[in-house]
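Please read this explanation with the sequence and the 3D structure open beside it. The paragraphs below go from one place in the chain to the next.

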Amino acid sequence: MELATHGAMPDGGVTRLALSEADIDARRLIARWAESLQAEVLADDAGNCFIRYAGRDPELPPVMAGSHIDTVPGGGKFDGAYGVVAALEVIEAMQQAGVRPKRSVEAVIWTNEEGARFSPGQMGAAAFAGTRSVDEILCVKDRDGVRVRDVLPRMLAALPKARMRSLGVPITAFFEAHIEQGPELEAHATQIGVVTGIQGRRSFIVTVLGEAAHGGTARQSERKDALLGAVRIIGALEASVLENESDARLTIGTFSLEPNAPLVVPGCVRFSVDLRHPENATMKRLGDLVPAICARHRGACAVEVVENANAPCAYFGEPMMQFIEAAVDRLQLSRRRIFSLAGHDSREIVKIAPTGMIFVPCKRGLSHSALEEAEPHDLAAGARVLAEVVIAACDA
Ligand SMILES: [Zn+2]
């Protein structure tokens with residue numbers, strides 16, 4: 001709740017965009033918590049932050065747990081933040097119990113998971129996993145033309161005691177606790193979701209270039225109306241992508257129009273296309289349709305399609321799921337396996353280390369919303385499972 005004061009909205013939601021003042025203030029708060037735990041703070045060139053509780057053998061690769069603290073505009077208090085706070089709670093509990101494990105434990109804050117300001121998301125985790133280069137992510141611009149490179153130094157300056165460390169250090173395992181962001185656990189009155197994998201996504205930026213003209217005088221037959229072209233394309237995308245594919249998800253989340261004046265035929269339209277499917281082969285096929293559909297329905301306009309994210313589905317594997325299930329059973333909590341339809345940092349980290357995710361229920365499955373809510377006893381149960389798996393992995 002204290003973390004949620006940074007970026008708090010009057011309606012109870014949180015707007016804490018990546019590397020905004022609210023994000024920087026929230027990291028400052030977490031660094032203060034780290035200080036009270038006498039834990040070291042580290043950071044890397046992608047702005048990922050690590051709160052380190054040194055183990056008995058500090059040379060061994062650490063066990064990491066965490067998530068992200070950035071939100072979408074008008075997001076909730078729990079998405080991401082829960083996983084970071086739960087990881088800090090694990091460190092605090094270990095200290096209070098006098099437990100110093102063999103391997104070090106690090107609570108991690110991955111930079112820009114949401115991609116709401118700097119698209120696409122999972123930026124810090126992707127840089128850590130080596131999927132994206134630091135040089136590339138530093139050049140990513142937000143809507144106002146501000147680059148990651150312009151704001152990252154401000155964030156690091158807010159953590160003067162943080163020790164810089166190279167990206168992609170070896171890790172023993174990574175665990176991410178997260179609210180489900182869907183209705184399944186609540187519907188089945190189950191406390192813990194053991195995540196089997198994460199749905200992949202492909203995303204595109206489509207630019208339709210027409211010709212701005214006088215709305216009163218330009219002949220209808222000679223117009224190159226970018227908005228009408230975009231509307232035809234979106235209708236065709238909906239028809240082709242969603243046809244016979246009930247598991248597919250298609251979202252046009254941003255849309256801009258130039259010059260956006262009542263008397264002017266629109267000259268340029270730009271929109272985003274986010275496409276998801278739980279099977280990689282189908283997602284590839286559907287994604288490959290996008291440029292062709294845009295070309296076929298552009299009419300008199302020109303169209304440009306840029307794919308800006310292509311993340312296949314990730315699967316965590318049977319040994320990891322059984323490792324988490326054993327911990328849930330030791331705590332005598334109820335569990336079920338669940339496939340994550342939302343994206344998470346774990347989709348990147350699983351590429352470089354054994355990775356597992358623990359879901360807890362959230363009210364009505366609502367997320368990315370001010371109405372996002374979770375019960376304290378569910379959050380506590382998830383944190384206990386996180387503690388079990390972290391300790392078991394530390395001493396393995
Ligand atoms: Zn999240």
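In this predicted model, a polar atom of the side chain of Arg-16 lies 2.9 Å from the backbone oxygen of Leu-3. Arg-16 sits in the segment before helix H1 (21-36). What is the nearest side chain of opposite charge to Arg-16, and how far away is it? It is that of Asp-23, at 5.4 Å. A salt bridge needs a side-chain nitrogen of Lys or Arg within 4 Å of a carboxyl oxygen of Asp or Glu. Arg-16 is therefore buried without a salt bridge.

Salt bridges do occur elsewhere: a search of the whole structure finds 25 of them. One of these joins the side chains of Arg-154 and Glu-21, with N and O 2.2 Å apart. Arg-154 belongs to helix H5 (residues 148-157) and Glu-21 to helix H1, so this pair ties together parts that are 133 residues apart in sequence. Arg-154 counts as partly exposed, with 46% relative accessibility, and Glu-21 also counts as partly exposed, with 41%.

Another salt bridge links Asp-150 with Arg-147, and their closest N and O atoms are 3.0 Å apart. Asp-150 has a relative accessible area of 36%, which makes it partly exposed. Arg-147 is partly exposed too, at 30% relative accessibility.

Asp-288 counts as partly exposed at 37% relative accessibility. Salt bridges can also share partners: Glu-318, Glu-325, Asp-329, Arg-335 and Arg-337 are joined in this way into one network.

The next topic is the backbone. Most residues other than glycine have a negative phi, and most peptide bonds are trans. Which peptide bond has an omega of about -5°? It is the one between Ser-119 and Pro-120, a cis bond. Pro-120 is in the loop between strand S4 (105-109) and helix H3 (123-129). The bond from Glu-258 to Pro-259 is cis as well, with omega near 0°. Pro-259 is located in the loop between strand S11 (255-258) and strand S12 (264-265).

Gln-332 has a phi near 55° and lies in the loop between helix H9 (318-330) and strand S16 (335-340). With 73% relative accessibility, Gln-332 counts as exposed. The phi of His-368 is near 50°, and this residue is in the loop between strand S17 (355-360) and H11. His-368 is partly exposed, its relative accessible area being 41%.

The last topic is empty space. Rolling a probe the size of a water molecule over the atoms shows where such space is left. The second largest pocket holds about 340 Å³. It is lined by 16 residues, and those closest to its centre are Met-1, Ala-81, Tyr-82, Val-85 and Leu-379. Helix H2 (81-96) and helix H11 (376-395) are the elements that give two or more residues to this lining. H2 gives the most, with five residues. Which classes of residue make up the lining of the second largest pocket? There are 12 nonpolar and four charged residues, and no polar ones.

Technical notes:
Residues are numbered from 1 along each chain as its sequence is written. This is a predicted model: local features need pLDDT of at least 70, side-chain atom pairs count only at pLDDT 80 or more; totals for chains, interfaces and linings use all residues. Side-chain values use heavy atoms; hydrogens and water are left out. On a 1 Å grid over the protein atoms alone, a cavity is a set of points where a 1.4 Å probe fits but cannot get out, and a pocket is an open set with protein on both sides within 12 Å along at least five of seven lines; lining residues have an atom within 4 Å of a point. Grid points are joined across faces, edges and corners, and a volume is the space filled by probe spheres set on the points. Helices (H or I, at least four residues) and strands (E, at least two) are DSSP runs, numbered from the N terminus. Ala, Val, Leu, Ile, Met, Phe, Trp, Tyr, Cys and Pro count as nonpolar, Asp, Glu, Lys and Arg as charged, and the others, Gly among them, as polar. Buried means under 20% relative accessible area, exposed over 50%, partly exposed in between (1.4 Å probe, protein chains only). Lys and Arg count as positive and Asp and Glu as negative; His and the chain ends are not counted. A polar contact is a pair of N or O atoms within 3.5 Å; within protein, one must be able to donate a hydrogen and the other to accept it, and residues adjacent in sequence count only if both atoms are side-chain atoms.
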